[in-house]
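These are my notebook entries on one chain, written down in the order in which I looked things up.

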Amino acid sequence: MTRSWEAEYGPASVCINAVVLRPSRNEVTKSMGEMLDTFAAASPLGRAEEPDEVAHVIAYLAGEQVRPITGTVLAVDAGCVSAL
């Protein structure tokens, strides 16, 4: 969907990017308890992402310095996709 939206809205200078997440430490996942720790430990980085780390990635993609990046899907997953 990211690429087709880019094709549609790109001519109007709209950049379309997506961030794919896995569960990170936050108020919603707090109820997962040890299951989140187990899930996080299985990632190449061995930990869950913190909300501020995810926010920094999204802010970066929304910034002016990355205007040429568009139609991209970026995985913020502590390396899980690359480990498959």
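I began with the contacts of T72 and, leaving out residues up to four places away in sequence, I found that T72 touches T2, I16, N17 and A18, where contact means heavy atoms within 4.5 Å. I noted that the model is predicted, that local features need pLDDT of at least 70 and side-chain atom pairs 80 or more, whereas totals for chains, interfaces and linings use all residues. Residues are numbered from 1 along each chain as its sequence is written, and side-chain values use heavy atoms, with hydrogens and water left out.

I then placed T72 in strand β2, residues 72-76; strands are DSSP runs of E with at least two residues, helices are runs of H or I with at least four, and both are numbered from the N terminus. T72 has a relative accessible area of 29%, so I wrote it down as partly exposed (buried is under 20%, exposed over 50%, partly exposed in between, with a 1.4 Å probe and protein chains only).

Next I looked up W5, which lies in helix α1, residues 2-9, and which is partly exposed because its relative accessible area is 40%.
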